[in-house]
Amino acid sequence: MSTSASTSIRCNDFENTDQLIKYYDDWAKEYDKDTQTVRGYICPKVGAKKLVEFLEQLKFGTDCRILDVGSGTGLVGEELKKLNYTNLDALEPSEKSNDVARAKGLYKKFFVELILPGKQLGILPNSYDAVISIGVFTKGNVKAEGAMDEMVRVVKPGGLICFSIREDVILDKEYGYEEKMAQLIEGKVWTLLSKSLEMYHLTGDLFKCHMFVYQVL
């Protein structure tokens with residue numbers, strides 16, 4: 001399937017998850033070039049640096065176990081590896097994207113699963129020191145309900161959860177991002193360590209994203 005900067009934005013247009021996965025499967029071989037070279041997709045680098053900032057502050061070692069949710073072709077994994085964090089697992093429903101990531105040798109395990117409301121992942125509770133999820137909480141992709149709960153479930157108490165939410169969708173009631181984050185704070189499930197407005201792309205659409213870091217209680 002031919003992709004370009006103009007067609008790749010369609011990844012935010014799908015409502016059917018099967019269609020969305022197929023789109024990413026078809027795009028996988030060209031994804032890195034289209035997003036990084038053509039569109040200047042900087043969010044994976046920004047997110048990895050933000051997570052590592054807090055891992056270092058809280059004295060996590062570089063061998064801490066991290067789950068990359070919506071890992072795609074491994075762009076976040078590449079950035080974490082540059083920062084000497086290599087104990088990484090991937091959760092990604094697009095097998096073609098996983099094939100690209102496997103070739104990079106970034107992740108120890110791959111979970112080929114969707115993160116959806118009412119669906120428990122095939123991962124034991126308290127398995128990870130941190131979760132990172134970049135470019136996942138956005139229009140046409142993943143809603144808050146269920147997804148944020150599952151990220152909390154698989155992280156150990158005291159562990160970290162870092163994720164981006166594009167600024168053009170954060171207030172959208174359909175996705176429930178602000179409501180779910182507030183609910184988890186009020187329920188003393190997690191506490192907010194950091195919220196910042198960051199660049200998402202350097203070219204094309206110039207929407208920014210909100211970058212969050214929470215600590216699981």
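In this predicted model, Asn98 is in contact with Ser71, Gly72, Glu92, Phe110 and Val112, once its neighbours within four places in sequence are set aside. Asn98 belongs to helix α5, which spans residues 95-104, and with a relative accessibility of 0% it counts as buried.

The strands are arranged as an open sheet of seven members with mixed pairing, in the order β3-β2-β1-β4-β5-β7-β6. From one strand to the next, the twist averages 15°. Within the sheet, β1 and β2 run parallel and are joined by four bridges, and Leu67 is placed opposite Asp89 of β2.

Helix α7 packs on this sheet, where it touches β4, β5, β6 and β7, and its direction makes about 150° with that of β6. The buried residues of α7 are Tyr177, Lys180, Met181 and Leu184; viewed down the helix axis, they fall within an arc of 100° and therefore line one face of the helix. In an α-helix there are 3.6 residues a turn, so residues three or four places apart point the same way. The cover over the buried residues of α7 includes α6 (147-154) as well as β4, β5, β6 and β7.

The largest nonpolar core comprises 34 residues, of which Leu51, Leu55, Ile66, Leu80 and Ile132 touch the most other members. At least two residues of this core are supplied by each of α2 (17-38), α3 (43-57), α4 (75-82), β2 (88-91), β4 (128-137), β5 (155-166) and β7 (208-216), and the largest share, seven residues, comes from α3. For Leu55, the residues touched, not counting those up to four places away in sequence, are Phe60, Cys64, Ile66, Tyr85, Ala130 and Leu160. In soluble globular proteins, nonpolar side chains tend to be buried together.

Most residues other than glycine have a negative phi. Lys59, although not a glycine, has a positive phi of about 65°; this residue is found in the loop between α3 and β1 (66-69), and Lys59 is exposed, with a relative accessible area of 73%. Lys188, likewise not a glycine, has a positive phi of about 55°, and lies in the loop that connects α7 (177-186) to β6 (190-199), just after the helix. The relative accessible area of Lys188 is 65%, so that this residue is classed as exposed, the cut-off being over 50%.

With regard to annotation, an unreviewed UniProt entry assigns "domain: Methyltransferase type" to residues 67-163. Over this range of residues 67-163, the chain is 27% helix and 30% strand, and the end C-alpha atoms are 12 Å apart.

Definitions and conventions: Residues numbered from 1 in each chain as written. Predicted model: local features only at pLDDT ≥ 70, side-chain atom pairs only at ≥ 80, totals over all residues. Heavy atoms only, no water. Core = buried A, V, L, I, M, F, W, Y, C linked by side-chain atoms within 4.5 Å. Buried < 20%, exposed > 50% of the residue type's maximum accessible area, 1.4 Å probe, protein only. Contact = heavy atoms within 4.5 Å. UniProt positions renumbered as here; feature names shortened; annotations may be inferred. Arc of directions from axis to C-beta. Pairing = 2+ DSSP bridges. Axes fitted to C-alpha atoms, helices over the stretch in contact; angles between N-to-C directions.
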